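User: I have not looked at this structure before. Could you take me through it step by step?

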Amino acid sequence: MAREDDLKLVQGVGITKTFGGVQALSDVDFEVEKGTIVGLIGPNGAGKTTLFNIVAGAIAPSSGVVRFQGEDITGWSAYKVCRRGIARTFQVTRPFGEMTCLENVAVGVVNRQPGCRRSQWTVLAAECLEAVGLKDLAATEARHLNVVQKKKLEIARALATRPELLMLDEVLGGLNSQEIQEAVAFIQGLRDQRRLTILWIEHVMGAIMQATEKVIVLDQGKILTTGTPTEVVNDPRVIHAYLGD
Amino acid sequence: MSQGASILKSNRKNFLYGAGLAAFAVLPWTLGAYNQHVLIVCLFYTMMAASWNLIAGYTGQISFGHAAFAGIGAYVSGILAVKAGLNPWVGVAAGTVAAAFFGLLVGLLCLRMGGIYLSLTTLGFSEILHIIINNEYEITRGTMGLQVPGLTTSYSKISYFYIFLVGAVITLTIVYKLVHSNVGLNFRAVQNDERAASALGVDVVRTRLLAFTVSSALAGMAGALFGHYMMLITPHIPSLDQQFLVLSMTVIGGLGSFVGPVIGAFCLEILSEYIRAWGEYHVLVFGLVALVVARFAPKGLVGIYKAWRGKKRPETA
């Protein structure tokens, strides 16, 4: 029994969130097993980003429990959740525009390794930039980046916090099919080489089909179904939710 | 090769700073008493503007309580000297600690609010303090001002100049060290985007609280030194006039730049000596200029200089 719990890196039980009168999430149960890539899909407004924000501590749920490695982290502040080992990217990127790319990443480094010297964080941050292919832009202020580069910077910053769980929020937006292939290989590489567990919101279904072991489908704030990518895309309820009658 | 060149360049820069500081240190010997006084006041405003820049420029918290914290430093030190006969130097230390303490309290109260609410709360705090000082005549001597002893046994402007020079160097060193440390990264991250900062592990409230407390302490030290230099502490020190003068100096010099507040403090203080005849209108004029600068050149004189140099020598940009 205990071993089964160990396999669940993150678990949500009965997560409910209301904004005023709007029910954004109702009674959502989910789990992400250690070492897997799990896709989180659903039509616009299904509550995917709200669920992300709750796990990451950006907002507190109205009710329900979030557990990370068996520990109740419900309602923790975002910075504590980050220091516990959960990193996230933002769908609409939020770079520190007036800071260089290297400094952007360094913020993640120094808060996970307090007392880290400049000479140390320079190296560590440069490694993260290199991993996403932004090494040459290390000294460039982040506001000068294009959309794709900003998305890469989001991932580099998240990696800098040395997470166990990486939550990606639509990182493929704006990429062409060739770039999507590269990005999928890169994300699979993160899991295989860095031993990360990944929870991934994405609209590009091809990427989800290719990269994930499990897909959670949200619709109107509820879990519609959970299963392997093939099961999910062949589920009539999922097709109905996306395409209507 | 390029590293060697950059070391040479940074050595040259340090040498220039050292030479400039040395030249400045002998300057008062060549000046009359009035100009010496102007230099001392310039150094006081350097401390005020540089410490206000720490919160406003580096963490983006526009506090209107900075002059009030200087007032706390001045009155605590002055009252201890007058009523308890304490050595003024001990008083300056006590004033600094008191300002830090009140900074921490006000910070705890309102830093979670952020933005405009912080500005309004500190504005209110400043006015409350002003009213208390005006009315507690028995303790503060109200608008008459509190006569306090000086810091040195024999009064000499030259020795005060050096005291204020050391104070300014201490203030600037603390600001520089903080901004260039890991904490400084957090300051700028919080200013750029709080949500992204907290997602990267930055404790936003603690970061702001640290900046606010250090900044208040430095203002308290500046105020305490200034009170003992003038030997008369009036409610003008913790007034909004002072607050907006310090704000104008920082914004016109260059908000968020290290040398900006120093340049702003010297330019505006020297300028206001020339336009003294306008009375209090000079603060109004500075405020208007600061508004225009904030709108059209948000990085102030330093930003204008950098843009101009960048155009002139694009290869170094």
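Predicted model: local features only at pLDDT ≥ 70, side-chain atom pairs only at ≥ 80, totals over all residues.

User: Which residue in E5(A) is the bridge partner of Phe68(A)?
Analyst: The bridge partner of Phe68(A) is Glu71(A).

User: What is the strand order of the sheet around them?
Analyst: The order is E2-E1-E4-E5 in chain A, an open sheet of four strands with antiparallel pairing. Strand E2 (22-33) and strand E5 (71-72) of chain A stand at the edges, each with a single partner strand, so one side of each has no neighbour in the sheet.

User: Which helix lies across E1, E2 and E4 of chain A?
Analyst: Helix H2 (residues 48-56) of chain A lies across strand E1 (8-19), E2 and E4, and runs at about 115 degrees to E1(A).

User: Now the six-stranded sheet. What is its order?
Analyst: Its six strands follow the order E6-E7-E8-E3-E9-E10 in chain A, forming an open sheet with mixed pairing. Strand E6 (86-88) and strand E10 (222-227) of chain A are the edge strands, and each pairs on one side only. On average, neighbouring strands of this sheet are turned by 20 degrees against each other, direction ignored.

User: What does mixed pairing look like in practice?
Analyst: Strands of a sheet pair through backbone hydrogen bonds, either parallel or antiparallel. Here, strand E7 (residues 165-169) and strand E8 (residues 197-201) of chain A pair in the parallel sense over five bridges. Strand E3 (residues 37-41) of chain A pairs with E8(A) in the parallel sense over four bridges, and E3(A) also pairs with E9(A) in the parallel sense over four bridges. By contrast, E9(A) and E10(A) run antiparallel and are joined by five bridges.

User: Is E8(A) buried or exposed?
Analyst: Five of the five residues of E8(A) are buried, so the strand is largely enclosed by the rest of the structure. Thr197(A), Leu199(A) and Ile201(A) point one way, while Ile198(A) and Trp200(A) point the other way, and all are buried. In a regular strand the side chains alternate between the two faces of the sheet.

User: And how many residues of E9(A) are buried?
Analyst: Five of the six residues of E9(A) are buried, and the strand is mostly covered. Helix H10 (residues 236-243) of chain A lies across strand E9 (214-219) and E10, running at about 135 degrees to E10(A). The hairpin of E9(A) and E10(A) has two residues between the strands, and Gln220(A) takes a positive phi near 50 degrees there.

User: Changing topic: how is chain A divided into domains?
Analyst: Domain 1 covers 2-85 + 163-243, and domain 2 covers 94-162. The C-alpha centres of these two domains of chain A lie 24 Å apart. Seven residues of domain 1 are in contact with nine residues of domain 2. On the domain 1 side, that contact has five nonpolar, one polar and one charged residues.

User: Finally, chain B. At what angle do H7(B) and H10(B) pack?
Analyst: Helix H7 (residues 157-179) and helix H10 (residues 204-230) of chain B pack at about 175 degrees, with their axes 11 Å apart. They are therefore roughly antiparallel to each other. Among the residues making the contact are Tyr160(B) and Phe164(B) of H7(B) and Met221(B) and Tyr229(B) of H10(B). The residues of this contact divide into 11 nonpolar, two polar and no charged.

Terms used
Residues numbered from 1 in each chain as written. Chains lettered and ligands numbered in written order. Domains from an automatic or database assignment. Contact = placed C-beta atoms within 7 Å. Nonpolar A, V, L, I, M, F, W, Y, C, P; charged D, E, K, R; others polar. Pairing = 2+ DSSP bridges. Axes fitted to C-alpha atoms, helices over the stretch in contact; angles between N-to-C directions. Parallel < 35°, antiparallel > 145°, perpendicular 65-115°, else oblique. Buried ≥ 20, exposed ≤ 12 C-beta atoms within 10 Å, placed from the backbone.
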